[in-house]
Amino acid sequence: MRALSRLRRDRRGISAVELALALPILLLVVGGIVDHGRMLWYQADLTQALRAGMQHALRSPDDNAGILDAIRASTGLSGAKGFSLGSPSRSCTCLDSIPISCSTGWCVGLLAKREYMTLSASYGFTPVVGTMMGLVPDRAEASLRLRVK
């Protein structure tokens with residue numbers, strides 16, 4: 001009985017127990033912050049590469065291979081596993097935002113046809129803390145849309 005009373009009053013080791021309880025939660029929060037930072041970094045890199053592709057598209061809007069090459073050349077992720085690059089897609093509208101076919105569509109009256117190009121890229125990566133219920137990102141995505149004609 002006396003040993004149990006002495007054990008209850010002993011305060012040695014309380015800090016170690018508190019640390020053992022708090023450390024896993026702290027590591028998950030820090031890991032989640034790191035993963036979000038990585039996702040934002042990759043997303044900024046993808047956006048910058050798509051901007052380089054759009055600059056090429058403004059000079060040569062029909063050169064899809066050149067546009068994709070410009071994107072690949074301006075990102076460090078192009079050779080990495082998980083990097084995917086969508087092919088350039090075109091869409092056309094009249095000035096009143098009615099979608100039309102780019103090849104055969106025409107606008108009524110004085111409305112001019114506008115042609116847009118959309119580029120997209122994504123990069124999947126392995127998060128530090130794993131994908132916990134979708135709270136931690138495991139993919140960075142970027143897309144840009146620009147009027148080319």
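**Close-up views of a predicted model**

**View 1. Ser-122, a buried residue.** With a relative accessible area of 10%, Ser-122 counts as buried, because the cut-off for that term is under 20%. The model shown is predicted. Ser-122 belongs to strand β4. Its side chain forms a polar contact with the side chain of Ser-84, at 2.7 Å. Leaving aside neighbours within four places in sequence, Ser-122 is in contact with Leu-46, Gly-82, Phe-83, Ser-84, Arg-139, Ala-140 and Glu-141.

**View 2. The buried residues of helix α3.** Helix α3 spans residues 64–73. Buried in this helix are Gly-66, Ile-67, Leu-68, Ala-70 and Ile-71. An α-helix has 3.6 residues a turn, so residues three or four places apart point the same way. The buried residues of α3 pack against α2 (14–59), β1 (83–85) and β4 (113–124).

**View 3. The largest nonpolar core.** This core has 20 residues. Leu-46, Ile-71, Leu-119 and Tyr-123 are the residues with the most contacts inside it. Two or more residues of the core come from each of α2, α3, β4 and β5 (139–147). The largest share, seven residues, is given by α2. In soluble globular proteins, nonpolar side chains tend to be buried together.

**View 4. Contacts of Leu-119.** Which residues does Leu-119 touch, not counting those up to four places away in sequence? They are Leu-50, Gly-53, Met-54, Ile-67, Ile-71, Pro-88, Ala-142, Ser-143 and Leu-144. One of them, Ile-71, is among the residues with the most contacts inside the largest nonpolar core, as is Leu-119.

Definitions and conventions. Residues are numbered from 1 along each chain as its sequence is written. This is a predicted model: local features need pLDDT of at least 70, side-chain atom pairs count only at pLDDT 80 or more; totals for chains, interfaces and linings use all residues. Side-chain values use heavy atoms; hydrogens and water are left out. Buried means under 20% relative accessible area, exposed over 50%, partly exposed in between (1.4 Å probe, protein chains only). Helices (H or I, at least four residues) and strands (E, at least two) are DSSP runs, numbered from the N terminus. Contact means heavy atoms within 4.5 Å. A polar contact is a pair of N or O atoms within 3.5 Å; within protein, one must be able to donate a hydrogen and the other to accept it, and residues adjacent in sequence count only if both atoms are side-chain atoms. A nonpolar core is a set of buried Ala, Val, Leu, Ile, Met, Phe, Trp, Tyr and Cys residues joined through side-chain atoms within 4.5 Å.
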